[in-house]
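These are my notebook entries on a structure that I looked up.

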Amino acid sequence: MLTLGFTLNMSSSKHIIVIGSGFAGLSAACVLAKEGYKVTILEKNDQPGGRARLWEQDGFRFDMGPSWYWMPDVFENFFALFGKKTADYYQLKRLDPGYRIYYSQNEILDVPADMTQLEALFEQTEPGSSKALKEFLAQAEYKYKVGMGEYVFRPSHSITEFIDFNLIKKSFSIQLLTSMSSHVRKHFKNPKLVKLLEFPVLFLGATPQNTPAMYSMMNYADLSLGTWYPMGGMNEIVKAMVNMATELGVEIKLDTEVIKINVKDKQVDTIQTNKGAFTADMVIAGADYEHVDQHLIDAPNRNYTSKYWDSRTMSPSSLLFYIGTNKKVPGIQHHNLFFDEDFELHAKEIYTSPQWPTNPLFYVCCASKTDSTVALEVGENLFFLMPIAPGLNDDETIREKYFNLMMDRFTHITGQDIRDSIIVKRSYALNDFKADYHSFKGNAYGLANTLAQTAFFKPAMRAKHVDNLLYTGQLTVPGPGVPPAIISGQVVASEAVKILSK
Ligand SMILES: Cc1cc2nc3c(=O)[nH]c(=O)nc-3n(C[C@H](O)[C@H](O)[C@H](O)COP(=O)(O)OP(=O)(O)OC[C@H]3O[C@@H](n4cnc5c(N)ncnc54)[C@H](O)[C@@H]3O)c2cc1C
């Protein structure tokens with residue numbers, strides 16, 4: 001892994017304002033506070049964590065966004081920067097099976113944590129495929145190590161950072177120019193295995209055809225590093241980071257919404273909020289990039305035009321239902337993927353001709369299978385997620401239509417209708433993403449990781465016209481997801497230190 005190149009600056013009294021308390025903002029704040037800066041986070045909502053906030057109702061505790069804990073090394077490395085371990089804050093459990101895929105009513109695949117069992121499962125599904133899996137995962141591991149060691153910690157200001165013979169050579173060997181779709185199909189023929197191996201790409205917000213095969217590193221994260229769960233829920237990570245930030249002296253101001261960033265002579269002059277004006281030596285914008293660039297800053301100081309933003313491929317939004325039941329739901333796992341419909345059609349209706357999907361795939365999380373504290377003792381904590389195109393019209397009628405569609409499919413596939421046992425229900429979709437996070441087009445996970453939007457092709461960390469303004473979070477490098485957001489905060493912190501120590 002690259003070192004972040006910090007200079008020791010313990011006596012600095014410079015003040016840094018971080019906008020937004022998502023993972024990226026919290027990560028940047030912790031690193032900068034440790035470097036000796038005075039750090040204040042301004043957060044519009046009444047709790048920290050951004051998309052990973054909590055919703056509690058009648059004895060149920062729901063993680064509102066992320067539910068998959070992948071790449072545990074990233075979390076461990078982050079806490080190690082402060083001489084801590086994740087175990088100092090939360091207890092991790094490896095899930096076994098990691099998750100279940102429903103291909104149809106009678107075709108179920110549980111993905112085991114154990115590699116020998118996984119190889120046997122592959123062999124049984126497609127003779128000869130266990131050898132292919134070993135090769136595939138060995139390549140994926142190489143890509144993960146190169147990616148995590150040499151790519152993700154680069155601020156990606158320009159292509160010149162990547163002009164290094166060894167790195168170019170590695171770019172070919174990590175298959176930057178092949179698609180995930182052809183890479184997977186080169187190794188496996190069985191459609192179930194193909195779906196299993198293409199699934200992690202959905203986290204990156206693009207189709208397997210449009211995602212570079214470099215991202216098979218996600219298969220290494222999935223199948224080799226495994227799926228974990230922080231007992232108490234994903235929000236425990238937020239609590240851990242908030243505790244650490246507070247211990248380091250970071251001040252977090254909730255219910256404080258930035259409404260304008262005033263710029264004078266290429267410097268942020270004042271930051272106007274609903275609670276008054278702030279000044280700072282440096283501003284790090286961890287709120288949605290498009291919102292800050294297009295709505296908080298005057299036109300001459302923006303990095304991009306509205307045309308630029310409109311031409312971006314956003315990752316999908318989601319229709320979510322948080323559901324509490326007063327009965328147990330036997331026979332399902334913690335993570336359940338309903339892949340019983342055509343992925344191609346759903347992908348087309350997300351990316352190519354955006355519309356509410358005809359026969360969507362969906363995902364059901366039942367965290368109470370692992371953690372009894374998140375639900376009433378008699379019931380279950382369920383979270384239904386259906387990916388949808390960003391920018392669609394959103395209203396109660398359409399949400400309810402898809403609620404019934406998912407319930408019908410759930411009933412058909414699992415053989416149990418849970419509707420009568422629902423005692424808590426809340427929907428969440430595009431309009432909520434916009435209202436709660438100022439999310440561009442109501443996106444859930446930022447910008448899609450297509451080749452044309454990777455590394456230095458992503459919206460830049462540095463403001464082109466403002467010397468003391470930087471961007472972080474899932475719309476800039478390295479990309480969407482909790483681990484990348486944490487890394488984004490680390491990278492932007494090192495950029496801030498470079499600028500402030502000039
Ligand atoms: C439904 C869903 C499921 C997901 N599942 C997973 C998963 O299983 N695993 C995984 O790794 N990732 C997952 N992700 C992605 C992951 O949650 C995000 O990539 C990550 O949390 C983004 O962090 P961030 O800091 O970039 O942004 P955010 O979390 O959005 O933080 C930005 C913060 O800025 C604040 N803000 C916005 N405007 C202003 C303003 N004007 N003034 C002050 N504050 C402002 C917002 O309130 C917010 O708190 C999921 C996301 C969603 C939505």
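**Entry 1: salt bridges**

I began with the term itself: a salt bridge is a side-chain nitrogen of Lys or Arg within 4 Å of a carboxyl oxygen of Asp or Glu. I noted that the model is predicted, that local features need pLDDT of at least 70, that side-chain atom pairs count only at pLDDT 80 or more, and that totals for chains, interfaces and linings use all residues. I also noted that residues are numbered from 1 along each chain as its sequence is written, and that side-chain values use heavy atoms, with hydrogens and water left out.

By this rule the structure holds 25 salt bridges. I looked up several of them.

In one of them, Lys131 pairs with Glu135, and the closest N and O atoms are 3.7 Å apart. Both residues belong to helix α4 (residues 129-151), where they sit 4 residues apart, about one turn of the helix. Helices (H or I, at least four residues) and strands (E, at least two) are DSSP runs, numbered from the N terminus. I then checked accessibility, for which buried means under 20% relative accessible area, exposed over 50%, and partly exposed in between (1.4 Å probe, protein chains only). Lys131 is exposed, at 58%, whereas Glu135 is partly exposed, at 42%.

How far apart in helix α4 are Glu141 and Lys145? I found them 4 residues apart, about one helical turn. Their side chains meet in a salt bridge of 2.4 Å, N to O. Glu141 is partly exposed, with a relative accessible area of 27%.

I recorded a further pair, Glu251 and Lys253, whose closest N and O atoms are 3.2 Å apart in a salt bridge. Glu251 is partly exposed at 37%, and Lys253 is partly exposed at 28%.

I also found a network of salt bridges that links Asp394, Glu396, Arg399 and Asp432.

**Entry 2: Phe62**

Is Phe62 buried or exposed? Phe62 counts as buried because its relative accessible area is 1%. I located Phe62 in strand β4 (residues 60-63). For its surroundings I used contact, which means heavy atoms within 4.5 Å. Neighbours within four places in sequence aside, Phe62 is in contact with residues including Trp55, Tyr322, Leu382 and Val424. I also compared two positions: Phe62 and Asn235 are 173 residues apart in sequence and 9.0 Å apart in space, C-alpha to C-alpha.

**Entry 3: Gln333**

I found Gln333 in the loop between β14 (317-325) and β15 (335-338). Not counting residues up to four places away in sequence, Gln333 touches Pro97, Arg100, Asp110, Cys366 and Lys369. The side chains of Gln333 and Asp110 are joined by a polar contact of 3.4 Å. A polar contact is a pair of N or O atoms within 3.5 Å; within protein, one must be able to donate a hydrogen and the other to accept it, and residues adjacent in sequence count only if both atoms are side-chain atoms.

**Entry 4: domains**

The domain assignment gives domain 1 (15-91 + 233-311 + 447-500), domain 2 (115-225) and domain 3 (314-437); such bounds come from an automatic or database domain assignment. I noted that 8 residues of domain 2 are in contact with 10 residues of domain 3. How many salt bridges are counted between domain 2 and domain 3? The count is 0.
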